[in-house]
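Let's take a walk through a protein together, one step at a time. Keep the picture at hand and look up each residue as you meet its name.

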Amino acid sequence: MALDTETKRASFEPMVPARTQVRKILEYQLELAKRDFEERRGVIYSENAAKGCLQSGATIRAVVRLMEEIGSTLVSASIEKISPIAQDTQSFADISSAFQDLWRFMETELQFTLVTVSARQADAIYSNSATHSAEEMLARSRNLVNSKLELYRFTFTRPLPRSDLSSAIAPNDRPSLPTKTDKKGGRPPAEFWDDMWAAIAVSLYSGDLQPKSQADVQRAMLEWIETNGGSASESTVKSRARRLWDKLDALDE
């Protein structure tokens with residue numbers, strides 16, 4: 001029986017590493033979400049302008065509800081498409097990062113909505129009130145979508161396969177793994193530490209990492225190193241964790 005076109009193509013195309021496929025899916029979903037937001041926000045403007053209520057709180061509320069819906073859709077679509085491909089911790093971090101990117105984009109666009117709403121309002125009190133109300137709604141909506149995302153965190157618990165790890169890091173950036181004689185753990189190169197610092201920074205920014213002590217920071221660093229196929233002595237990681245914790249602790253003083 002003759003193979004159909006798609007089957008033939010699948011038979012000859014090389015398999016795409018899961019890491020690369022995850023990133024392509026998220027890039028597409030993120031671009032789709034941004035375009036959807038812009039188009040539907042335009043519809044809100046047109047409808048409210050026709051009703052004579054464009055420059056009102058109704059416009060702000062509608063746009064924030066749209067942000068919540070678009071963010072929730074991105075999370076659902078990303079989870080649905082990526083789960084069958086990869087369920088490792090890095091994939092979850094990538095999905096979380098895509099949502100944060102989308103939310104920052106929509107927050108920036110919301111500023112234009114606030115300007116539109118308060119354009120003909122001479123009363124500064126109204127303008128400040130509208131901004132404060134929008135910020136409260138925004139915080140609730142973002143927390144709601146974040147909570148939805150967190151429901152899937154423990155689904156993504158598998159370590160990154162080594163085949164995908166090698167494809168995820170550019171050839172010149174790949175850390176040299178410790179040899180068998182290095183029983184205490186080798187010292188990863190500078191590029192490896194840079195990747196770790198970037199991952200920890202993203203986790204802190206997104207709220208995935210909320211350390212209560214230096215030990216929490218150290219544990220997160222060790223987990224990242226182990227997940228990404230590296231090795232480092234406990235004392236080396238501890239010194240870096242101490243430096244970061246001292247900076248974080250100083251913020252509360």
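Is Glu107 buried or partly exposed? With a relative accessibility of 25%, Glu107 counts as partly exposed. The scale behind these words is simple: buried means under 20% relative accessible area, exposed means over 50%, and partly exposed lies in between (1.4 Å probe, protein chains only).

Before going further, a word on what you are looking at. This is a predicted model, in which local features need pLDDT of at least 70 and side-chain atom pairs count only at pLDDT 80 or more, while totals for chains, interfaces and linings use all residues. Residues are numbered from 1 along each chain as its sequence is written, and side-chain values use heavy atoms, with hydrogens and water left out.

Now for the overall plan. The protein chain has 9 helices and 0 strands; here helices (H or I, at least four residues) and strands (E, at least two) are DSSP runs, numbered from the N terminus. Of its 253 residues, 37% count as buried. The accessible surface of the chain comes to about 15,300 Å², and 53% of that belongs to carbon and sulfur atoms; such areas come from the Shrake-Rupley method with a 1.4 Å probe, and for residues only the protein chains shown count as cover. Contacts (heavy atoms within 4.5 Å) tell us about the fold as well. Among contacts in the protein chain with a separation of 6 or more, 81% are between residues 24 or more positions apart.

Let's go inside. In soluble globular proteins, nonpolar side chains tend to be buried together. A nonpolar core is a set of buried Ala, Val, Leu, Ile, Met, Phe, Trp, Tyr and Cys residues joined through side-chain atoms within 4.5 Å. The largest one here has 35 residues, and those touching the most other members are Phe37, Met67, Ile70, Ile82, Ile95, Leu102 and Met106. Helices H2 (18-51), H3 (57-82), H4 (89-117) and H5 (124-150) each supply at least two residues of this core, with H3 giving the largest share, 11 residues. A second, separate core has 16 residues, including Phe192, Val237, Leu244 and Trp245.

Pick out Ile82 to see what such a neighbourhood looks like. Leaving aside residues up to four places away in sequence, Ile82 touches Val22, Ile25, Leu26, Ser91, Ile95 and Phe156.

Next, look for rings. A pair of aromatic rings is described by the distance of the centres and the angle of the planes. Rings of Phe, Tyr and Trp (its six-membered ring) pair if their centres lie within 6.5 Å; planes under 30 degrees apart count as stacked, over 60 as edge-to-face and the rest as tilted. The whole structure holds 3 aromatic pairs. Phe99 and Trp103 form a tilted pair, because their ring centres are 5.7 Å apart and their planes are at 50 degrees.

Finally, turn to the charges. Side chains of opposite charge can pair when their charged atoms come close. A salt bridge is a side-chain nitrogen of Lys or Arg within 4 Å of a carboxyl oxygen of Asp or Glu, and by this rule the count comes to 10. Arg19 forms one with Asp94, their closest N and O atoms being 2.4 Å apart. This pair links distant parts of the chain, with Arg19 in helix H2 and Asp94 in helix H4, 75 residues apart. Both Arg19 and Asp94 are buried.

That brings us back to Glu107, which meets Arg142 in a salt bridge (3.9 Å, N to O). Glu107 lies in helix H4 and Arg142 in helix H5, so the pair ties together parts that are 35 residues apart in sequence. Arg142 counts as buried, at 19% relative accessibility.
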